[in-house]
Structure formats: C-alpha cells, structure tokens
Amino acid sequence: MGENMINESQKFLNFLKKKRKAVSFLFAVTLLLYLPMLTNFSYSIDSEAVVDNSKDLLFSWLTIDRFGLVALKKFFLFGLDLNPYFINTLTYLLMAFSAVILLYIIDQLIQTTPWIPLLAVTLYLVSPIHFEQNSFVLQSVEVMIGFNLMFVGMIALGMPGNKVSPKRLIFGMLFLTASFSIYPSIVIGASTLAIIILHLHELNKPFATFSVYFRHLVRYIALILSSLLTYVALDQIIKYFAHAPKNSYIQTAWGHMDTSLLVQIALAKFKQFFIFPSLKSKCNT
C-alpha cells in the first residue's frame, strides 16, 4: 500500500508540474467566480445557530446521520470564533483543489485536446449545486473536504485496468466512508463519478467485451456499496452511544417512505423531464 500510494503521489506531483497553467486557471476561475462570497461577512443560511447554541446544533446533525460533519465542525470551532472570511476563503480554496483532483482523474482516462478536460472540470466549478450548498456557510468547508475525500477515494480505488493492492482498496473505501459521513448525498457523486470514469475509459480504450465492462461496473458498485454500508453501520453505532434519536428531517429519503411510492415518484419525474419535457408547454399553448 505504501509504495503504491507513494507512486500515486509522485504521479500527482508530476501532473501538477505538467499542468501548471490548467491548475492556475482553475484556481483563478474559482476565486473570481465566488469573489462576492469571499468578500461577504454574512453568516448566511442557518449559521446563526452555531453561534446561539452550537451543542444542540451539532447533536441535531448526529440525528441526521452526519457524524463526520460533527467531528470536523468541532475541530474548526476549537478555540476560534465563527469567522465567515476564514470559512469562505478555505471553502473555495478546497473547491479549487477538488477541481484539480478531478482534472487529474480525467487526465488519466482520455488523451485529447487539453482544453476539453479543462472545460469539463470548469463545468463542475460553475455547477448550481455549489452555489446552493456553499450558501450554508455553517458547513461549506466540511462539505468541500467531503468532496476532496471522495475524489481521493476514487483515485485510491484505481482506474479501470489498473491493479491495486487490497490495502489500497481498503483505504479508498475508508476515504469514501468518511466523505459520506460528512454529507450523505456525496454517495450520489461517487456513483456518478464511477459511471463517468467507466464511460471515459470506454471512449479512449474500449473494453474487449461487454462482460469485461460489466465486471468493472460490478466492482465499482461493490466498493461504493461496501463504503456506504460501513458508513451506515458506524452511524448507527455512534447514534446508539450518543443516544441520538431518529430524525424525520429528510422525509423523501430511502427508508423514510414506502419504496414503491419512491419508485413511482422517480419514474414520474423521469417521464416529465426526459421523455415528455415539452408536453406541458404545448398544452398551455
């Protein structure tokens, strides 16, 4: 594991030297795009809660399955007041660094004009998800740490066709587990990234047969699912010892609503937005 990760670290350092301009561009885009936030002293959404009663707020996060977020927030609050300037600066530096890691992943998968991977990663930076999520100043740093852990975890699991040691796989799953504990929705990001990795690899170096592709797909599913189950198990243990009750904050999550109803809603939304997206507008006209 040690030698394997040392080689990966050296590859990443060589990538940074080779792609200096691209890395600088990603940092510049991030800082310019989010400049209004960097110069804003507002505590924003819900952030007054940590000032008023941080103990109760952190406990409430335990009840909604975010024990990693609680651990990180306790670390960043230790001996410090809540400082929006510090939080926002660190948030967007972490976002830019996560974009660099994503570029590193894509760079390993396709050989094409350099601006194409850079454009793809720039789309990640300007995603509305970041504008919405990072408006929660209270947890923006921790969530961006979660994104970085998820990207590093996927690198540790290895790209298609590359052999990795069992120890490295374990570390990769631990990184993913940690990212899920910060913000459970990151599991969707990990799953999406796995599909992107397989698709880009297929475009550049097609798999010999469908069974080979399917084997790689099952491998990613098994690894991400194992990380998710590890997170769920740890979450239940921590909530048990902390005496944290169940919380109905996320009403539409799996396990909180009837599965058949969730499937019906998902299919209806898929039909509405992807099969007949213009049907409503035609009816109105």
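1. Let's begin with Thr-177, which sits in helix α10, the stretch covering residues 166-182. Please keep in mind as you read that this is a predicted model.

2. Is Thr-177 buried or exposed? Thr-177 counts as buried because its relative accessibility is 6%, and the cut-off for buried is under 20%.

3. What does Thr-177 touch, once neighbours within four places in sequence are left aside? The residues in contact with Thr-177 are Ser-227, Thr-230, Tyr-231 and Leu-234.

4. The largest nonpolar core holds 71 residues, and Met-150 and Met-154 have the most contacts inside it. Helix α6 (residues 84-109) is the biggest giver to this core, supplying 13 residues. As background, nonpolar side chains in soluble globular proteins tend to be buried together.

5. Met-150 deserves a look of its own. Not counting residues up to four places away in sequence, Met-150 touches Leu-176, Ser-179 and Ile-186, and also Gly-189, Ala-190 and Leu-193. Two of these partners, Leu-176 and Ser-179, fall within the 166-182 range of helix α10.

6. On the outside, please turn the model to find a nonpolar patch on the surface. Leu-33, Trp-115, Ile-116, Leu-119, Leu-123, Val-126 and Phe-131 form this patch, and together they have about 630 Å² of accessible area. Which helix gives the most to the patch? That is helix α7 (residues 115-125), with 4 residues.

7. Phe-131, one of the patch residues, lies in helix α8, which spans residues 128-133. Phe-131 has a relative accessible area of 39%, so this residue is classed as partly exposed; that class lies between the 20% limit for buried and the 50% limit for exposed.

8. Stepping back to the whole chain, there are 14 helices and 0 strands. Of its 285 residues, 40% count as buried. The chain exposes about 16,600 Å², with carbon and sulfur atoms supplying 68% of that area.

9. Finally, a word on how the sequence folds back on itself. If you take the contacts between residues at least 6 apart in sequence, 78% of them join residues at least 24 apart.

Technical notes. Residues numbered from 1 in each chain as written. Predicted model: local features only at pLDDT ≥ 70, side-chain atom pairs only at ≥ 80, totals over all residues. Heavy atoms only, no water. Core = buried A, V, L, I, M, F, W, Y, C linked by side-chain atoms within 4.5 Å. Buried < 20%, exposed > 50% of the residue type's maximum accessible area, 1.4 Å probe, protein only. Helix = DSSP H or I, 4+ residues; strand = E, 2+ residues; numbered from the N terminus. Contact = heavy atoms within 4.5 Å. Patch = residues over 30% accessible without salt bridge, like charges linked within 9 Å, V, L, I, M, F, W, Y side chains within 5 Å. Areas by Shrake-Rupley, 256 points an atom, 1.4 Å probe, with all protein chains shown as cover. Salt bridge = Lys/Arg side-chain N within 4 Å of Asp/Glu carboxyl O.
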